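Have the 3D view ready as you read.

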Amino acid sequence: MNLFDTHVHLDDVKFDADREEAIRRAGEAGVSYLINVGINLESSIESIKLAEKYDFIYAAVGIHPHDSVDAGPEYLEAIEKLAAHPRVVALGEMGLDYYRDFSPRPVQQELFREQLKLAKKLNLPVIIHDREAHGDMLDILRAEGAGLPGGVLHCFSGSWEMAAECLAMGLYISIAGPVTFPNAPKLKDIAGRIPPERLLVETDAPYLTPAPYRGKRNEPARVVYILEEIARIRGIDEEMMAKICTDNGKRLFQIT
Ligand code: NI
């Protein structure tokens, strides 16, 4: 299989003991493309370093809602500079997280809007994080989404109605490990309904480990379990499903 894990955090401390082995296992599992996604300036720089070291790894640079409060006044300029690196294929991750609320909501909203504007200026697609903030997420996308050069709702957790509105805005939907859980009928339904040309897969490793490894640390090699579950739901061949999702990722992130 030829797989594209569109959302990974290999710079996370949880990979300090075996980062190179995890990257090797990803390659052996058929992962041919992987985006390491920054969550703050330091992690964005680490993402670029990984992308410089490994041919099949690409970088996204941005400020996660959790880190918004610590971003500092010069952050936007710094992100713009990092984004000029040839291995950077997207801005992110960015968005809203009202589940943890690690940053005040008005700060999260401001940084999200600013990064969306920057993406339009730089003509880069965006990687969007939304957790329990669906109403405000849609409001901001309605206000700032026009003219975006593409984007993805990562680890989608909203309703089908929300997915449909995001699809109508031209966005992609990325499905992560929770789709493999037996108690996720809503997400399985959505994974079956997304138009094939807008569907992406991701691990979000080290988080969101799919079944049957739930509870253990996640890693990009396990994207195959997510892909297999989506292929099962949609009743199509796994190889074909992998090709569709990989082609979608290459199109969105303009990887040739
Ligand atoms: Ni993430």
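This briefing covers the aromatic rings, the charges over rings and the paired strands.

The model is predicted, so to speak of local features a pLDDT of at least 70 is needed, side-chain atom pairs count only at pLDDT 80 or more, and totals for chains, interfaces and linings use all residues. Residues are numbered from 1 along each chain as its sequence is written, and side-chain values use heavy atoms, with hydrogens and water left out.

**Aromatic rings**

- Rings of Phe, Tyr and Trp (its six-membered ring) pair if their centres lie within 6.5 Å; planes under 30 degrees apart count as stacked, over 60 as edge-to-face and the rest as tilted.
- The count comes to three aromatic pairs by this rule.
- One of them joins F4 and Y33, a tilted pair with 5.4 Å from centre to centre and 35° between the planes.
- F4 lies in strand β1 (residues 3-8) and Y33 in strand β2 (residues 31-37), so this pair ties together parts that are 29 residues apart in sequence. Helices (H or I, at least four residues) and strands (E, at least two) are DSSP runs, numbered from the N terminus.
- F4 also pairs with F253: the ring centres are 6.2 Å apart and the planes are at 50°, so this pair is tilted.
- Because F4 is in β1 and F253 is in the segment after α9 (238-252), the pair links parts that are 249 residues apart in sequence.
- Together, F4, Y33 and F253 form one aromatic cluster.

**Buried or exposed**

- Buried means under 20% relative accessible area, exposed over 50%, and partly exposed in between (1.4 Å probe, protein chains only).
- F4 counts as buried at 1% relative accessibility, and F253 is buried with a relative accessible area of 2%.
- Strand β2 is mostly covered, with six of its seven residues buried.

**Charges over rings**

- A charge sits over a ring if NZ of Lys or CZ of Arg is within 6 Å of the ring centre and within 35 degrees of the ring normal.
- The charged end of R87 sits over the ring of Y58, 4.5 Å from its centre.
- R105 lies over the face of Y98, 4.1 Å from the ring centre.

**Paired strands**

- Two strands pair if DSSP finds at least two bridges between them.
- β1 and β2 pair in the parallel sense over four bridges, and V8 stands opposite N36 in β2.
- β2 and strand β3 (residues 57-61) also pair in the parallel sense, over four bridges. The bridge partner of I35 in β3 is Y58.
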